[in-house]
Amino acid sequence: MMFSIPKYITHWKLINKFNLRTLSNSFKGCWKCNHSETSNNFFCASCGVIRDIPANEDFFDLLNQRKQFKIDLPKLTQHFHLAQNAVHPDKFSQTSDKEKDLASKWSSLINKAFKTLSKTTDRGKYLLKLNGIVISEDNSTIDQAFLLKMIEVNESVDEAETTNELETIRNNVAQDIDELTEALETFFDVKDMEAAKQAIIRLKYLQNIVETIKEKKLRFSLT
Ligand SMILES: [Zn+2]
């Protein structure tokens, strides 16, 4: 036999009905045979070798998701496991060092993609980045009324003396988070990127408060 398809590729094809994919301009063709199609994200469609990682590999493509804010978490998790399975180190024990190295790099990237896409604010930030919008760390663009409200809530967390008080604050903040997340979905739907950006900044503040409450509750339970 001149050429046999490695087992992991046929397996991947069975469980994942991807069409052949011609990759974006960042993909210069297979490093081994120069072919320009892949059988899925990871392997050359012609020689079956694991492909190089393009500089701007897209997390949504990588985990077979539509490029949108709304996400089906169980489906995302399923594709994460499929992807990790495809590049699992055990499957590369008989291959060259270069292939082993590529498999491990793909694996890290898959982890990073899953971490990013599974978290609301990180997914939102990533989607904004794909649209050319970066959120800076300073708060110069944030609404002053909102900032004042956050200072107030933080003070009330500071002053809370019982777990019950903390719970009440947490419930209010959780409700704000739910409402804001829903609004964020709409902003992305109608492609209002500036509003989406503001919502993500606010969400981050609210999530930080939830974290502070969690830590304080833990301190209460220890004393
Ligand atoms: Zn190839």
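**Entry 1: conventions.** I am working with a predicted model, in which local features need pLDDT of at least 70, side-chain atom pairs count only at pLDDT 80 or more, and totals for chains, interfaces and linings use all residues. Residues are numbered from 1 along each chain as its sequence is written.

**Entry 2: Phe92.** I looked up the contacts of Phe92 and, leaving aside residues up to four places away in sequence, found Glu99, Lys100 and Ala103. Phe92 sits in the loop between H3 and H4; helices (H or I, at least four residues) and strands (E, at least two) are DSSP runs numbered from the N terminus. Phe92 has 19 C-beta neighbours inside 10 Å and so counts as partly exposed. For burial I use these cut-offs: buried with 20 or more other C-beta atoms within 10 Å of a residue's own, exposed with 12 or fewer, partly exposed in between. I also noted that Ile50, 42 residues from Phe92 in sequence, is 9.6 Å from Phe92 in space, C-alpha to C-alpha.

**Entry 3: overall composition.** I counted eight helices and two strands in the protein, arranged along the sequence as α-β-β-α-α-α-α-α-α-α. Of the 223 residues, 20% count as buried. Among contacts between residues at least 6 apart in sequence, 54% join residues at least 24 apart.

**Entry 4: H7 and H8.** I examined helix H7 (residues 163-189) and helix H8 (residues 193-222), whose axes come within 9 Å and cross at roughly 160 degrees. H7 is therefore roughly antiparallel to H8. Axes here are lines fitted to C-alpha atoms, for helices over the stretch in contact, and angles run from 0 to 180 degrees between N-to-C directions. Angles under 35 degrees count as roughly parallel, over 145 as roughly antiparallel, 65 to 115 as roughly perpendicular and the rest as oblique. The crossing of H7 past H8 is left-handed, that is, the near helix is turned anticlockwise from the far one by less than a right angle. The residues of this contact comprise 19 nonpolar, three polar and five charged. Ala, Val, Leu, Ile, Met, Phe, Trp, Tyr, Cys and Pro count as nonpolar, Asp, Glu, Lys and Arg as charged, and the others, Gly among them, as polar.

**Entry 5: H6.** I checked the length of helix H6 (residues 144-159): its 16 residues should span 22 Å at 1.5 Å a residue, and its end C-alpha atoms are 23 Å apart, which agrees. The expected span is 1.5 Å times one less than the number of residues. The number of buried residues in H6 is zero, so H6 lies largely in the open. H6 and H7 pack at about 155 degrees with axes 9 Å apart, and are therefore roughly antiparallel. Val153, Ser156 and Val157 of H6 meet Leu166, Ile169 and Val173 of H7. By class, this contact of H6 with H7 has five nonpolar, one polar and no charged residues.

**Entry 6: H5.** In helix H5 (residues 120-130) I found Arg123, Gly124, Lys125 and Leu127 to be buried. These buried residues pack against helix H4 (97-118), H7 and H8.

**Entry 7: positive phi.** Asn64, not a glycine, has a positive phi of about 55 degrees and is located in the loop between helix H2 (59-62) and helix H3 (73-86). Lys191, in the loop between H7 and H8, has a positive phi near 60 degrees. Lys191 is exposed, with 9 other C-beta atoms within 10 Å.

Key
Contact = placed C-beta atoms within 7 Å.
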